Amino acid sequence: MAITAQMVKELRESTGAGMMDAKKALTETDGNMEAAVDWLRTKGLAKAAKKSDRVAAEGLVAVAVRDGKGVAVEVNSETDFVGKNAEFQDMVRDIAQTALSVDSVDELRNAEMNGKTVAEVVTDAVAKIGEKMDLRRMETVQGDTVVSYVHNAAAEGMGRIGVLVALKGDNAEIGKQIAMHVAATSPASLSEADLDPALVEREKTVLTEQARESGKPDAVIEKMIAGRMSKYFEEVTLLGQKFVINPDVTVAQAAKDAGVEVLAFVRMAVGEGIEKKEEDFAAEVAKTRGAS
């Protein structure tokens, strides 16, 4: 029986197996879809699909830099133990290096790595290690100088928080200090101009209501709001923040004094924004008893 691309696609979607594994399963079973699923299961290649409803909020962030380009990638797992697994770390490191040659996470998933696509490599790791995994995101920066920093590194170039800082000019030392600052303060944006307008509007609304409760005249209230918004911008924008290395100056001033300009930054932390599914111990035991 002829094995079509549609058949391979359906088998991949139902099992989570890689493209070549799905094609081989169909070939071995003469195109019988159910038999192909069983074939994959016997080979341990259909585990990914069984774990698709689990939450992968642990894992690692890896950073890599080459020729003025920096990338940060997040690869998630279900437990933090996997982040300490040498094979998982090697895979994440290879993914970060591969990311230097692409421009988006979708391109990265389809990029060739060790003879397979990155997506297939991750699927293979799911089958081998036995946990759901996900290449969740990728971000890049570019500049004359790009510096990376990992807070509490689990291995070289990877940990739970990864930072990239891109500079115009050449001063890696100040770049590393700013990267450490970013890790510590988690700024919302580079500058006021880069802030999410919805975030700004929400903050302004809250500050306006607070100011009106003072009962002061409108002219005074307007000045109060302007002053408080200015303070807000200083607190949440990287360039406006007081430099942790020297709080007497802002990050923007520290960079200028060092002869550089901060062009961009990335701060990526494992699991941020993922809603973790929590169960109490009794519920977990009950689920286990029901499954047995």
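Two strands are taken to pair if DSSP finds at least two bridges between them. By that criterion S2 and S5 pair in the antiparallel sense, over 9 bridges. The model described here is predicted.

The chain holds 12 helices and 9 strands. Of its 292 residues, 42% count as buried.

Strands S2 and S5 belong to an open sheet of 4 strands. The order is S5-S2-S1-S7, and the pairing is antiparallel. Strand S5 (133-142) and strand S7 (158-159) are the edge strands, each pairing on one side only. Strands of a sheet pair through backbone hydrogen bonds, either parallel or antiparallel. S1 and S2 pair over 9 bridges, in the antiparallel sense. S1 also pairs with S7 in the antiparallel sense, here over 2 bridges.

Individual partners can be followed across this sheet. Ala 72 of S2 stands opposite Val 63. The bridge partner of Ala 72 in S5 is Glu 139. Toward S7, Val 61 has Gly 159 as its bridge partner. The hairpin of S1 and S2 has 2 residues between the strands. In this hairpin, Asp 67 takes a positive phi near 50 degrees.

Strand S1 (58-66) is largely enclosed by the rest of the structure, because 7 of its 9 residues are buried. Strand S2 spans residues 69-77 and includes Ser 77. Ser 77 counts as buried, at 0% relative accessibility. A polar atom of the Ser 77 side chain lies 3.4 Å from the backbone nitrogen of Gly 59. Helix H5 (residues 86-99) lies across S1, S2, S5 and S7. The helix runs at about 145 degrees to S2.

A second open sheet has 3 strands in the order S6-S8-S9, again described by antiparallel pairing. S6 and strand S9 (261-269) stand at its edges. Each has a single partner strand, so one side of each is left without a neighbour in the sheet. The twist averages 15 degrees from one strand to the next. S6 and strand S8 (residues 161-168) pair in the antiparallel sense over 7 bridges. Thr 145 stands opposite Leu 167 in S8. Helix H8 (residues 172-185) lies across S6, S8 and S9, and runs at about 140 degrees to S8.

Asp 144 lies in the loop between S5 and strand S6 (145-151). That places the residue between a strand of the 4-strand sheet and a strand of the 3-strand sheet. Asp 144 is exposed, with a relative accessible area of 58%. Leaving aside residues up to four places away in sequence, Asp 144 touches Leu 167, Lys 168 and Gly 169. The side chain of Asp 144 reaches the backbone nitrogen of Gly 169 at 3.0 Å. The C-alpha atoms of Asp 144 and Glu 261 are separated by 10.0 Å, although the two residues are 117 residues apart along the chain.

Met 7, Val 8, Leu 11 and Thr 15 are buried. They lie on the same side of H1, because they cover an arc of only 100 degrees around the axis. An α-helix has 3.6 residues a turn, so residues three or four places apart point the same way. The face of H1 turned away from the buried side carries the exposed residues Ala 5 and Glu 13. Just after H1, Gly 16 takes a positive phi of about 80 degrees.

The structure holds 1 aromatic pair. The rings are those of Tyr 232 and Phe 233, with centres 5.8 Å apart. Their planes stand at 55 degrees, so the pair is tilted. Planes over 60 degrees apart would count as edge-to-face. Both Tyr 232 and Phe 233 are buried.

Conventions
Residues numbered from 1 in each chain as written. Predicted model: local features only at pLDDT ≥ 70, side-chain atom pairs only at ≥ 80, totals over all residues. Heavy atoms only, no water. Buried < 20%, exposed > 50% of the residue type's maximum accessible area, 1.4 Å probe, protein only. Arc of directions from axis to C-beta. Polar contact = N/O pair within 3.5 Å; in protein donor to acceptor, adjacent residues only side chain to side chain. Contact = heavy atoms within 4.5 Å. Axes fitted to C-alpha atoms, helices over the stretch in contact; angles between N-to-C directions. Phe/Tyr/Trp six-rings, centres within 6.5 Å; stacked < 30°, edge-to-face > 60°.
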